Amino acid sequence: MKTMTKSELIARLAERNPRLVARDADEAVATMLDAMTEALATGQRIEIRGFGSFALSYRPPRVGRNPKSGDRVQVPAKHVPHFKAGKELRERVDGHDSAAPPKGGQGDDADT
């Protein structure tokens, strides 16, 4: 499975929008990610229709174990970001949308 990096996202944004130079695309992506990070850091929920939502989940304090020594360790409470995919994204990833690439190489003429 291939991973899309931030620089690849910036390059694709610049490629799809010829009026944007790479520096402007970089600034647009950085601004969006900064705004999302700030919203989550202040406890806000982010909802992008058709894509999904980001929210914080609370993890209560607990007692864990050090895997090396087996000692009990206090793990403090924390908030962690949680992403829930929207219906449209789930359907595209699952292959129900005609714009989505075929799963498992079906329809790929490279192996014939």
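**Exercise 1.** Find the accessible surface of the protein and the share that belongs to carbon and sulfur atoms.

Solution. The accessible surface comes to about 9,500 Å², worked out by the Shrake-Rupley method with a 1.4 Å probe. Carbon and sulfur atoms own 53% of that surface. Keep in mind that this is a predicted model, where local features need pLDDT of at least 70, side-chain atom pairs count only at pLDDT 80 or more, and totals for chains, interfaces and linings use all residues. Residues are numbered from 1 along each chain as its sequence is written, and side-chain values use heavy atoms, leaving out hydrogens and water.

**Exercise 2.** Work out the order of helices and strands along the sequence.

Solution. Start with the count: three helices and five strands. Here helices (H or I, at least four residues) and strands (E, at least two) are DSSP runs, numbered from the N terminus. Now read along the sequence, and you get α-α-β-β-β-β-β-α.

**Exercise 3.** Describe how α1 and α2 pack.

Solution. Two packed helices are described by the angle between their axes and the distance between the axes. For α1 (residues 6–16) and α2 (residues 22–41), the angle is about 125° and the axes are 8 Å apart. That makes α1 oblique to α2; angles under 35 degrees count as roughly parallel, over 145 as roughly antiparallel, 65 to 115 as roughly perpendicular and the rest as oblique. Next, list who meets whom: Lys6, Leu9, Ile10, Leu13 and Ala14 in α1 meet Ala22, Ala25, Asp26, Ala28, Val29 and Leu33 in α2. Sort these residues and you find nine nonpolar, no polar and two charged. For the sorting, Ala, Val, Leu, Ile, Met, Phe, Trp, Tyr, Cys and Pro count as nonpolar, Asp, Glu, Lys and Arg as charged, and the others, Gly among them, as polar.

**Exercise 4.** Is proline 76 buried or exposed?

Solution. First place proline 76: it sits in the loop between β4 (72–75) and β5 (78–85). Its relative accessible area is 59%, so proline 76 is exposed (buried means under 20%, exposed over 50%, partly exposed in between, with a 1.4 Å probe and protein chains only).

**Exercise 5.** Which residues does isoleucine 48 touch?

Solution. Isoleucine 48 belongs to strand β1 (residues 46–48). Leaving aside residues up to four places away in sequence, isoleucine 48 touches Met36 and Phe54, where contact means heavy atoms within 4.5 Å.

Notes:
Axes are lines fitted to C-alpha atoms, for helices over the stretch in contact, and angles run from 0 to 180 degrees between N-to-C directions.
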